[in-house]
Amino acid sequence: MSRIVGLAALTSGLGVSAAPPGDAPASPPQDPAAVEFFEKRVRPILVERCLNCHGPTKQKGELRLDTRAGVLAGGSSGPAVEPGKAESSLLVSAINYGELYHMPPKSKLPAEEIEALTKWVAQGATWGVEAPTDAAATEAKGGGSGDGFEGSPEFARRARFWSFQPIRKPALPAVSDARAQWPRNPIDRFLLAAMEERGLAPAGEADRRTLIRRLTYDLVGLPPTVEEVAAFVADDAPDAYEKLVDRLLASPHYGERWGRHWLDLARYAETSGHEFDYDVLNAYQYRDYVVRAFNLDLPYDQFVAEQVAGDLLPKPRRHPTEGFNESILGTGFYFLGEGTHSPVDLREEGVRRIDNQIDVFSKTFLGLTVSCARCHDHKFDPISARDYYALAGFLRSSRHQQAFIDSDVHIAPIVGDLKAIKRTIGDLLVQASAKLPNSRRTAIEAARPSPGARVGDATAEGFRATRFDDWKTTGEAFGDLGSAGGDFRLELGDDARRLIPIHAGELHGGRISDRLQGVVRSPTFTIQQRYLHLLAAGTSGRINVVIDGFEKIRDPIYGGLTIAIAGPDEPRWISRDLEMWVGHRAYIEVCDGSAADYTGARTGRVDGRGSLRIAEIAATARPEPPHAPPAPAGSAIDLKALVNELATVDSPLADRLARALDAYRDLEAKIPAPSLAPAIADGDGEDENLMIRGNPKTLGEAVPRRLLSILGGKSQASPSGGSGRLELAQGLVDVRSNPLLPRVLVNRLWKQHFGEGIVKSTDDFGAMGQLPSHPALLDWLASEFVDRGWSLKALHRLMVGSSAYRMQSRSDAKADELDPNNVLLHRMNVRRLEAEAIRDALLAVSGRLDRTFAGPSVAPHLSAFMDGRGRPEASGPLDGDGRRSLYVQVRRNFLTPMFLAFDAPVPFSTMGRRNVSNVPAQALTLLNDPLVVVLAEAWAGRLLAEGDLPVDGRIERLYETAFGRPPTEREVRQCAAFVAERQASDALRTWTDLCHVLFNVKEFIYVD
């Protein structure tokens, strides 16, 4: 029997036709991940590097590399590849410049391309589906651009695939009278109808102890306590089960459990990986946002909109108690990818980063492998290369930021009051100037300059002053950008009080207060002149020249693109030679205070107590600045002396001015440090050019930004301004044109509750994914999901409330013969706990679990074997201070060994279906890991502290705590004998050993 019910059952509930046999590949690959690796990593290398000499039009050495048959047949020297044997394959030897051949002959391939080809051969040289026409020849000539594909018959054929069809809510299937009482809700009717068609019957209902353990791990990721199990077993109310479900869904631990599932999709990590594993500052803010959203049961369509465009929503969602902007935190979704700190090719690094973002975006929300279309039209799905670059434009038009999430709540009110007091001070100074001698009046007027021309107008020398009015700002440091009428800043210490003029048109971070922080960015421009000159001053801050969107500006290659400002108050020229960047797209970013290193290139924050000012920015062909620095805008005024002088002629006015200055100083001192979080900011709207064969050096036409054409993208209007991500989000959540969004999410929940998805390939609903086992059920659930307001908790109640979820997991020989892989779900699947749940269970039963919610992550414990560049200076506590695994920092280059042993994903791309291995490293971890040993002792100490219980009573307590059930008589005898053998030794040691044994029982890490 095939892995699906059959094509008739597959298509009956969808209203689509199965593809005719002639359209199917003759021998479809068995491993979708291997095919994806070939399409994304291997085929582009073959096309770019090999097919000019070994393709359809030319075959040097009689070797052709555009088909798998050609690769295996080889040429005059024999087969090019021996699948699974990289060390003996001629192709691998040639690209490594072996004894016989050096290929390509002109220069050796980059190391990453050699690695990809070697890995491909070692894994069996998996190939994609061969195109019905000679697509390789088209690609070799520079095709694969998507031009015409979207209107072709092949595209139309692919568009008929089941997952792209509209969601239709099917009628509930009939079931036999004999089992009419079994279904508790419609889910059961769909499952039962499929079972009965095959002569199967559902397994019996699990006992209450099994159910509470299953439910508790599923919904909150922790074991139930002994008391919780006893209460549920004793509750004979007809709605006892439903009350248990509601209690668990209301627990704050629910968001922690299901938030962790989402973080697998977002490839969550708190460092950038690569060579030095730099921190992604404040990454935990995104994690905590996700947990809060799940606990709140935020409608999924709104949750998706916040991930894609939370910074652009006209009415952002607010934290219910703190009032800060929750919606913008969702865009941290884009920020979490791996990043190279000093790539050789900035443009290529930017393309790689966007490729990862598209990969994560499309798999997470759509269940599609869109990034396979970077180099050519997708080989299997109705996705063109134009679709890929249409999405890339949204990301090219966006920038990373550390968002000031609470500035409008905690800082803006103070800033508003400061501005009001400052206006009062200005008015009082005007009144004072009329009563003071002419010399003082002149100084005051000079300190409050009148409107005037901007410094540095264009001249024949070839520079143009930058207008700051159209720069974009976050935070409060750069309020009133480029004030045309001039301004002044106040320095109000206890001893010295000064008023310092600000020239008309200056960009100044101290206009309101030196304590404020912020970032301001220029529009994007093309570098046309070799030299950049900035007329700048300040005591704290940084100016970054961001080339091709690359923000991790670091030595050894790119240190010259960042300029630290720490000098005198009056501007001086600072120049940079940008010869190697002429022709590149760039923007200038001025950072004040803690935002100066917002990309996470540092592990600490920059002190925000300072000011930063830019008077002029110019570009010239010559190294000399365009002119000498201008004279100071006006002399600083000693306000203390002025008040004393004013008191001799108008004491009441002097008193009012002094009190206003005191009020300003006292209010300024209340400015709190900002709360920052990684997020996306809108840049200038830029369409991405189609890249021939995915190469950023060979560009085709610009592709307008839009959603995939198969999802209605062609009918969308081009974004009116900015990145257009808000329009992208609106199209994404429109179920009329995008049936994938609810289907994919429903399937993800099903997988977590039942062990496998209705579509087993949770991240691929395309032609290379798995077909749904119960297509009508999938569509019914997707319809219900939308009808119930996109509520995840409503979905949970449906799924765990079914009779199917409550079935036993015991095998039945006859049923297993008919349905050996349990595709029809005739019984519940036994599941192993995930890595984080195993560690959390160890903490919980030992009594060491700290249930503190949210907050900065705990540093990971580093063993002596975890070494290398980027290693943190200090190791975290062995038990992570008892915090849940969710709150242990995820460092890409220093992942927790226990988590890796139990298949926690490496955070590179979306992982909706974790591997579940059974390898010796897992048993060795539970046997030898120092954390397990320490927690076994803590558990034993907790047991002994409960009083002088008999041995049998203690054994029963251990079993109830670990497994949610009492021990059998045989288990009691075995454990009692184990204890008796060691009774002469220390009691704590004896019971520690027994606790350690129970940690190693398979039942501890598996759930029936």
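**Exercise 1. How many bridges join strand 4 to strand 14, and which way do the two strands run?**

Before you start: this is a predicted model, where local features need pLDDT of at least 70, side-chain atom pairs count only at pLDDT 80 or more, and totals for chains, interfaces and linings use all residues. Residues are numbered from 1 along each chain as its sequence is written, and side-chain values use heavy atoms, with hydrogens and water left out.

*Solution.* 
- Step 1: find strand 4 at residues 497-502. Strands (E, at least two residues) and helices (H or I, at least four) are DSSP runs, numbered from the N terminus.
- Step 2: look across to strand 14, where two bridges make the link and the strands run antiparallel. Two strands pair if DSSP finds at least two bridges between them.
- Step 3: pick out L499, which stands opposite I637 in strand 14.

**Exercise 2. Work out how helix 17 and helix 20 lie against each other.**

*Solution.* 
- Step 1: remember that two packed helices are described by the angle between their axes and the distance between the axes.
- Step 2: for helix 17 (residues 407-433) and helix 20 (residues 651-668), the axes come within 10 Å and cross at roughly 160°. Axes are lines fitted to C-alpha atoms, for helices over the stretch in contact, and angles run from 0 to 180 degrees between N-to-C directions.
- Step 3: so helix 17 is roughly antiparallel to helix 20 (angles over 145 degrees count that way).
- Step 4: check who meets whom, with contact meaning heavy atoms within 4.5 Å. Helix 17 brings residues including I414, L418 and I421, while helix 20 brings residues including L653, L657 and Y664.
- Step 5: sort the contact residues, and you get 14 nonpolar, one polar and four charged. Here Ala, Val, Leu, Ile, Met, Phe, Trp, Tyr, Cys and Pro count as nonpolar, Asp, Glu, Lys and Arg as charged, and the others, Gly among them, as polar.

How values were computed
Parallel < 35°, antiparallel > 145°, perpendicular 65-115°, else oblique.
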